[in-house]
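Please open the model in your viewer and keep the selection panel at hand. The tour moves from one selection to the next and says at each stop what is there.

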Amino acid sequence: MRLTLLVMIVFAVAAVLGLGATLRAVTHGLPIGGLTIGPWRADPDIGGLGADPYLRAGVARRGEAPLAYGDGVAFEARTDDAGRSLDAACDYTLEGDLPAARLWTLMPFSPEGGRLETALGRRGTSSAETVRVIGRPIVVELSQTAKAGDWIQLPAKGAFVLRLALYDTALGTPLARRTPPQLLAVKRGACR
Amino acid sequence: MMRLFYALVVGLFLAGVVHVGSLLAIPSLAPRGPYDRLGALQADGRFVALPDDGATADLLAFSDPSFVVAACRYDLAGGPVTVRAALPSTYGAVAIHERRGAPFYALTDKAATNGTVEVVILRENDVAAAEQDETAQARPSIRIVSPSDAGFVLVRLFAQAPSARPALKTLAESATCGRSTTPTSNP
């Protein structure tokens, strides 16, 4: 009787801890590894066959076709600079300079990777659309209401993630990974 | 008490085994991986552009909305597949992904000759045959060995403005990914 109980404890511990660890690692990613710059995080290794099993499982679960190594690197931010989760009820200012790339795009997504519906239908900005002032950093405003300058509209409510993709860049190479450059700072403004 | 401690230690060890096993099994068990999602497009052997709106707009998660994307699923069981795509110099890329979604080859418009790129995807067993068929050609074709029989190719073209999308969509869908025609031996 005691033996049966012990065996059941063994299997229960194995199932709960083992599957729990898998679920957590696949939905949230590993806290280590990758390329982390401020709130931005990228996994350049995802763009090749050398990706580790954690990255592969994440790709399969999200249903994503990741950017290939020679194509680009995509960064994701789920929090602002202070570590608070991004929420559509708040205004955000992104400011800074970006590393050398042929092209960059920036847009908010739902946490699952879906498109966000806004009144204007404009989904993001890119290096082809944004206005640069000589000697000044890039400034992008995120808000539900119109802002002066480069503005991305946020949806009515809910959490969101920001995705910054740099195309044709040397950022993913091992050398560049050791001395990561600065990316856009994410500052939270007023909340409604 | 000691036996409970042993049971917990064994349980922890087994938990590690379960974790590794389930993690490795996820890519093959996941029912909604990128390859399966593209099945809704009817894009087997031809390029179909991903829709901009509607229920199928989110077919691939975290798909960059500034890009026009066309997808084609290939199957090498019947022989090598040739991918031919026109890439405009505003930025275009061809990315080849294996069955589980990991990309294993990508070309951008920088590698295009006369605005197009051509890649032959083949199985490891077909490499020797393909090299034997090599005849003098205007330009050597790029041959890529796919790690899996099935997979998908994405043609991704950057749209500088929404007004550029319809034309880019036509261009992306004009890409082909048909079966390679075996070179006829002309005497």
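This is a predicted model: local features need pLDDT of at least 70, side-chain atom pairs count only at pLDDT 80 or more; totals for chains, interfaces and linings use all residues.

Residues are numbered from 1 along each chain as its sequence is written, and chains are lettered from A and ligands numbered from 1 in the order in which they are written.

Begin by selecting chain A, whose C-alpha atoms occupy a box of roughly 75 × 40 × 25 Å along the principal axes. Chain A has three helices and 10 strands (DSSP runs, numbered from the N terminus: helices are H or I with at least four residues, strands are E with at least two). Followed from the N terminus, these elements come in the order α-β-β-α-β-β-β-β-β-β-β-α-β. Of the 192 residues of chain A, 37% are buried, a residue being buried if 20 or more other C-beta atoms, placed from the backbone, lie within 10 Å of its own.

Next, select the open sheet of chain B, in which five strands follow the order E1-E2-E8-E4-E5 with antiparallel pairing; two strands pair if DSSP finds at least two bridges between them. Its edge strands are E1 (48-49) and E5 (103-108) of chain B, each of which pairs on one side only. Zoom in on E1(B), which two bridges join to strand E2 (residues 67-75) of chain B in an antiparallel run, and there B:Ala49 stands opposite B:Ala70.

Which part of chain B gives the largest share of the side that touches chain A? Select the contact, which takes 45 residues from chain B and 48 residues from chain A, where contact means C-beta atoms, placed from the backbone, within 7 Å. The largest share of the chain B side, 17 residues, comes from H1(B), and the elements giving two or more residues to that side are helix H1 (2-29), helix H2 (34-37), strand E4 (92-98), E5 and E8 of chain B.

Note on methods. A residue is buried if 20 or more other C-beta atoms lie within 10 Å of its own, exposed if 12 or fewer, and partly exposed in between; C-beta atoms are placed from the backbone. Two residues are in contact if their C-beta atoms, placed from the backbone, lie within 7 Å.
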